[in-house]
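Visitor: I am new to this structure and would like to learn how to read its features one at a time. Could you show it to me and then take me through it slowly?

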Amino acid sequence: MVRQTVIAVWLRPAEPAHSLLQGIINDLARRFDAPVFEPHVTIHAGADRADLAETALEHVARECTGIGLTSLGIEQSEEFVKTLFVQFKSNAELRQMNEMIRQSADDSLKYEAKPHLSLLYKKMEPTARRQLAASIIVPFPEIAFDRIKAVRCVSPTQSHADVEAWRVIAATSFRADFGV
(Lines give C-alpha, C1' and ligand atoms only; values in the text may rest on other atoms or scores of the structure.)
Protein backbone atom coordinates (compact mmCIF):
# COMPACT_ATOMS: atom_id res chain seq x y z
CA MET A 1 0.00 0.00 0.00
CA VAL A 2 1.36 3.38 -1.02
CA ARG A 3 1.50 5.91 1.80
CA GLN A 4 1.45 9.62 1.10
CA THR A 5 1.12 12.92 2.89
CA VAL A 6 -2.33 14.43 2.45
CA ILE A 7 -4.44 17.26 3.79
CA ALA A 8 -7.48 15.92 5.62
CA VAL A 9 -10.43 18.19 6.30
CA TRP A 10 -12.17 17.58 9.62
CA LEU A 11 -15.42 18.64 11.18
CA ARG A 12 -15.08 19.24 14.92
CA PRO A 13 -18.05 18.60 17.23
CA ALA A 14 -19.59 21.55 19.04
CA GLU A 15 -19.99 21.56 22.82
CA PRO A 16 -21.14 19.71 24.84
CA ALA A 17 -20.45 16.75 22.51
CA HIS A 18 -16.81 17.78 21.97
CA SER A 19 -15.93 17.56 25.66
CA LEU A 20 -17.81 14.30 26.19
CA LEU A 21 -16.20 12.64 23.14
CA GLN A 22 -12.73 13.95 24.06
CA GLY A 23 -13.20 12.42 27.51
CA ILE A 24 -14.11 9.04 25.97
CA ILE A 25 -11.10 9.19 23.62
CA ASN A 26 -8.74 10.16 26.46
CA ASP A 27 -10.06 7.37 28.70
CA LEU A 28 -9.80 4.71 25.98
CA ALA A 29 -6.30 5.89 25.02
CA ARG A 30 -5.17 5.61 28.64
CA ARG A 31 -6.78 2.18 29.16
CA PHE A 32 -5.44 0.68 25.94
CA ASP A 33 -2.11 2.52 25.53
CA ALA A 34 -3.37 4.15 22.35
CA PRO A 35 -2.89 7.62 20.84
CA VAL A 36 -4.92 10.61 22.01
CA PHE A 37 -6.50 12.69 19.25
CA GLU A 38 -9.17 15.33 18.83
CA PRO A 39 -12.69 14.08 18.07
CA HIS A 40 -13.43 14.70 14.40
CA VAL A 41 -15.19 13.51 11.27
CA THR A 42 -13.02 13.49 8.17
CA ILE A 43 -15.01 14.86 5.25
CA HIS A 44 -12.24 15.10 2.68
CA ALA A 45 -8.66 14.03 2.10
CA GLY A 46 -6.62 15.27 -0.82
CA ALA A 47 -3.40 16.69 -2.14
CA ASP A 48 -0.83 18.15 0.27
CA ARG A 49 -1.50 21.76 -0.73
CA ALA A 50 -1.83 23.91 2.40
CA ASP A 51 -2.56 27.08 0.39
CA LEU A 52 -5.53 25.47 -1.38
CA ALA A 53 -6.76 23.82 1.82
CA GLU A 54 -6.93 27.19 3.59
CA THR A 55 -8.88 28.66 0.67
CA ALA A 56 -11.26 25.69 0.74
CA LEU A 57 -11.88 26.06 4.49
CA GLU A 58 -12.59 29.76 4.17
CA HIS A 59 -15.01 29.11 1.30
CA VAL A 60 -16.93 26.39 3.15
CA ALA A 61 -17.04 28.38 6.41
CA ARG A 62 -18.38 31.41 4.53
CA GLU A 63 -21.03 29.40 2.64
CA CYS A 64 -22.15 26.98 5.35
CA THR A 65 -23.59 27.43 8.82
CA GLY A 66 -22.30 24.12 10.13
CA ILE A 67 -23.77 20.69 10.02
CA GLY A 68 -25.58 18.20 12.20
CA LEU A 69 -25.04 14.46 11.76
CA THR A 70 -27.33 11.71 13.05
CA SER A 71 -25.62 8.94 15.00
CA LEU A 72 -26.29 5.38 13.86
CA GLY A 73 -24.50 3.84 16.85
CA ILE A 74 -21.09 2.57 17.93
CA GLU A 75 -19.29 0.31 15.46
CA GLN A 76 -15.92 -1.44 15.39
CA SER A 77 -13.56 -2.81 12.74
CA GLU A 78 -10.10 -4.25 12.24
CA GLU A 79 -8.99 -1.05 10.47
CA PHE A 80 -6.59 0.92 12.70
CA VAL A 81 -8.39 4.26 12.27
CA LYS A 82 -11.80 2.64 12.77
CA THR A 83 -11.08 0.38 15.74
CA LEU A 84 -14.05 1.84 17.62
CA PHE A 85 -16.18 4.63 16.17
CA VAL A 86 -19.50 6.44 16.06
CA GLN A 87 -21.10 5.83 12.67
CA PHE A 88 -23.16 8.70 11.24
CA LYS A 89 -25.80 8.84 8.56
CA SER A 90 -24.61 10.73 5.49
CA ASN A 91 -26.73 13.63 4.31
CA ALA A 92 -26.99 16.14 1.47
CA GLU A 93 -25.19 18.88 3.45
CA LEU A 94 -22.19 16.63 4.06
CA ARG A 95 -21.99 15.64 0.40
CA GLN A 96 -22.28 19.30 -0.63
CA MET A 97 -19.52 20.30 1.82
CA ASN A 98 -17.26 17.55 0.49
CA GLU A 99 -17.84 18.71 -3.10
CA MET A 100 -17.22 22.38 -2.18
CA ILE A 101 -13.91 21.46 -0.57
CA ARG A 102 -12.87 19.29 -3.49
CA GLN A 103 -13.62 22.09 -5.96
CA SER A 104 -12.07 24.85 -3.82
CA ALA A 105 -8.93 22.80 -3.27
CA ASP A 106 -8.78 22.01 -7.00
CA ASP A 107 -8.51 18.37 -5.97
CA SER A 108 -9.17 15.69 -8.55
CA LEU A 109 -9.17 12.90 -5.95
CA LYS A 110 -12.67 11.59 -5.30
CA TYR A 111 -12.61 11.13 -1.53
CA GLU A 112 -15.84 9.47 -0.48
CA ALA A 113 -16.94 10.74 2.91
CA LYS A 114 -18.16 7.85 5.07
CA PRO A 115 -18.98 9.87 8.15
CA HIS A 116 -17.66 8.39 11.35
CA LEU A 117 -15.99 9.71 14.47
CA SER A 118 -13.28 7.42 15.80
CA LEU A 119 -12.97 6.85 19.53
CA LEU A 120 -9.96 4.53 19.56
CA TYR A 121 -7.04 3.71 17.26
CA LYS A 122 -5.60 0.36 18.32
CA LYS A 123 -5.07 -3.11 16.87
CA MET A 124 -7.31 -5.39 18.96
CA GLU A 125 -8.84 -8.83 18.82
CA PRO A 126 -12.38 -8.91 17.34
CA THR A 127 -14.00 -10.16 20.55
CA ALA A 128 -12.44 -7.35 22.59
CA ARG A 129 -13.54 -4.76 19.99
CA ARG A 130 -17.12 -6.05 19.98
CA GLN A 131 -17.32 -6.06 23.79
CA LEU A 132 -15.90 -2.55 23.95
CA ALA A 133 -18.31 -1.27 21.27
CA ALA A 134 -21.24 -2.71 23.22
CA SER A 135 -20.08 -0.93 26.39
CA ILE A 136 -19.93 2.61 24.96
CA ILE A 137 -22.94 4.90 24.87
CA VAL A 138 -22.93 8.30 23.21
CA PRO A 139 -25.96 10.16 24.59
CA PHE A 140 -26.48 12.39 21.55
CA PRO A 141 -28.76 11.18 18.73
CA GLU A 142 -27.46 14.08 16.63
CA ILE A 143 -24.17 15.92 16.93
CA ALA A 144 -23.60 19.47 15.73
CA PHE A 145 -20.24 20.39 14.20
CA ASP A 146 -19.16 24.03 14.50
CA ARG A 147 -15.53 24.10 13.31
CA ILE A 148 -13.65 22.89 10.28
CA LYS A 149 -9.93 22.11 10.21
CA ALA A 150 -7.28 21.16 7.67
CA VAL A 151 -4.76 18.64 9.01
CA ARG A 152 -1.57 17.40 7.36
CA CYS A 153 -1.23 13.66 7.89
CA VAL A 154 0.08 10.44 6.41
CA SER A 155 -2.49 8.34 4.60
CA PRO A 156 -3.29 5.73 5.49
CA THR A 157 -2.68 6.40 9.17
CA GLN A 158 -1.42 3.11 10.59
CA SER A 159 0.34 3.75 13.90
CA HIS A 160 0.56 5.72 17.13
CA ALA A 161 3.50 7.67 15.60
CA ASP A 162 1.43 8.57 12.53
CA VAL A 163 -1.28 10.07 14.77
CA GLU A 164 1.27 12.03 16.80
CA ALA A 165 2.66 13.50 13.55
CA TRP A 166 -0.68 15.10 12.57
CA ARG A 167 -0.45 18.90 12.24
CA VAL A 168 -3.35 21.34 12.03
CA ILE A 169 -2.52 23.81 9.26
CA ALA A 170 -5.76 25.81 9.24
CA ALA A 171 -8.96 26.03 11.26
CA THR A 172 -12.06 28.19 11.27
CA SER A 173 -15.57 28.30 12.69
CA PHE A 174 -18.75 28.13 10.70
CA ARG A 175 -21.10 31.10 10.63
CA ALA A 176 -22.63 31.70 14.06
CA ASP A 177 -26.25 31.27 12.98
CA PHE A 178 -26.03 27.46 13.16
CA GLY A 179 -27.76 25.34 15.76
CA VAL A 180 -29.01 21.79 16.05
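Guide: We will go through helices, then a pair of strands, and then salt bridges. This is a predicted model, in which local features need pLDDT of at least 70 and side-chain atom pairs count only at pLDDT 80 or more, while totals for chains, interfaces and linings use all residues. Residues are numbered from 1 along each chain as its sequence is written, and side-chain values use heavy atoms, with hydrogens and water left out.

Visitor: Which residues of α1 are buried?

Guide: Buried means under 20% relative accessible area, exposed means over 50%, and partly exposed lies in between (1.4 Å probe, protein chains only). In α1 the buried residues are A17, H18, L21, Q22, I24, I25, L28 and A29. Seen down the axis of α1, these buried residues fall within an arc of 160°, so they line one face of the helix; the arc is that of the directions from the helix axis to the C-beta atoms.

Visitor: What do the buried residues of α1 pack against?

Guide: Contact means heavy atoms within 4.5 Å, and the buried residues of α1 pack against β1, β4 (84-88), β5 (116-120), α4 (126-135) and β6.

Visitor: Which residues are buried in α2?

Guide: L52, A53, A56, L57, V60 and A61 are buried in α2. Seen down the axis of α2, its buried residues fall within an arc of 165°, so they too line one face of the helix. They pack against β1 (4-13), α3 (92-104), β6 (142-155) and β7 (167-173). Helix α2 itself covers residues 50-63, and its 14 residues reach 20 Å from the first C-alpha to the last, close to the 20 Å expected at 1.5 Å a residue.

Visitor: How many bridges join β4 to β5, and do the strands run parallel or antiparallel?

Guide: Two strands pair if DSSP finds at least two bridges between them; here four bridges join β4 to β5, and the strands run antiparallel. V86 stands opposite L117 in β5, and β5 is mostly covered, with five of its five residues buried.

Visitor: How many salt bridges are there?

Guide: A salt bridge is a side-chain nitrogen of Lys or Arg within 4 Å of a carboxyl oxygen of Asp or Glu, and by this rule the count comes to seven. One of them joins D162 to R3, with the closest N and O atoms 2.9 Å apart. This pair links distant parts of the chain, since D162 lies in helix α5 (residues 160-164) and R3 in the segment before β1, 159 residues apart.

Visitor: Are D162 and R3 buried or partly exposed?

Guide: D162 counts as buried because its relative accessibility is 10%, whereas R3, at 36%, counts as partly exposed.

Visitor: Which residue forms a salt bridge with R12?

Guide: R12 forms a salt bridge with D146, the closest N and O atoms being 3.5 Å apart. R12 in strand β1 and D146 in strand β6 are 134 residues apart; R12 is buried at 17% relative accessible area, and D146 is partly exposed at 26%.

Methods:
Helix = DSSP H or I, 4+ residues; strand = E, 2+ residues; numbered from the N terminus. Expected span 1.5 Å × (residues − 1).
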